[in-house]
Amino acid sequence: MIEDHESIRTLSVDIGGSGVKALVLDITGNAVTKRMRLETPQPAKPEMIIDAIEVLAASQGEFHRVSVGFPGVVRQGVTETAANLYRDWIGFDLETALSQRLNKPVRVINDADMQGFGAVTGKGLELVITLGTGFGSALFINGKLVPNMEMGHHQFRKGKTYEEQLGRAELEKIGDKRWNKRLDKAIASLQSLFNYDYLYIGGGEAVRVNLELPLNVKLIPNITGLLGGIALWKD
């Protein structure tokens, strides 16, 4: 039993196409443990990912509940898409399965949505994109999330999607210079499409962004995805 509300700790987990990360947050959302990372198991089946989360959880000390960011559409804890993981995730009740494994309450949302919670100010129309294995996105209106937008799978240019043009595989294929030129075009495209007040760019490949960004566009550290986990319990 938790003695007082202020002592509640949240294990925050970010499942990615190349890595699974975790740390523990206090009740205010500040990290109280070091971020730990494991390579995403291959094939990235549900049972193998849950095994990895269990290993990470054991390294993080005491926690009372769990927040998970998952790279796909999530509804009521069930994963509906998983383009960068494995087909067995389609229709998988991750929330229940992980809760049973860790014996803790669990909440699961899209990974870009969780990163957005760690980045946005709650004022105006704020867009978040994540550059990693794929291309994640999250939209907030005055702090309220529009869930599961998955902008990465929408057409961007030359008949290809944002993810096909800007995902890690394409970055490694074309190199940083051409990739940054494409990203510059994507930023302009998203500004025209959403007329956002602010755009935040995160994810593992954000460190390779080498552009003069507009004043309303900001790079955010990769840890933001984990820090956003506290927001899943604000109800």
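**The interface between the domains**

Modeller: In this predicted model, the domain assignment divides the chain into domain 1, made up of 10-113 + 226-233, and domain 2, which covers 121-219. Taken over C-alpha atoms, the centres of domain 1 and domain 2 are 23 Å apart, and the contact between them involves twelve residues of domain 1 and 14 residues of domain 2. Between them, domain 1 and domain 2 bury about 920 Å², with 45% of this area on carbon and sulfur atoms. On the side of domain 1, Asn 84, Ala 112 and Asp 113 provide 53% of the area buried against domain 2, which is more than any other three residues supply.

Turning to the polar side of the interface, the count of salt bridges between domain 1 and domain 2 is zero, whereas five residue pairs, both members at pLDDT 80 or more, are in polar contact across the interface. Strand 5 (74-75) and helix 3 (111-119) each contribute at least two residues to the side of domain 1 that touches domain 2, and by class that side holds four nonpolar, six polar and two charged residues.

As a separate detail, Glu 170 is placed in helix 5, residues 168-174. Glu 170 counts as buried because its relative accessible area is 12%, under the 20% cut-off. Leaving aside residues up to four places away in sequence, Glu 170 touches Glu 164, Gln 165, Gly 175 and Arg 182.

Note on methods
Residues numbered from 1 in each chain as written. Predicted model: local features only at pLDDT ≥ 70, side-chain atom pairs only at ≥ 80, totals over all residues. Heavy atoms only, no water. Domains from an automatic or database assignment. Contact = heavy atoms within 4.5 Å. Buried area = accessible area lost by both parts, 1.4 Å probe. Salt bridge = Lys/Arg side-chain N within 4 Å of Asp/Glu carboxyl O. Polar contact = N/O pair within 3.5 Å; in protein donor to acceptor, adjacent residues only side chain to side chain. Helix = DSSP H or I, 4+ residues; strand = E, 2+ residues; numbered from the N terminus. Nonpolar A, V, L, I, M, F, W, Y, C, P; charged D, E, K, R; others polar. Buried < 20%, exposed > 50% of the residue type's maximum accessible area, 1.4 Å probe, protein only.
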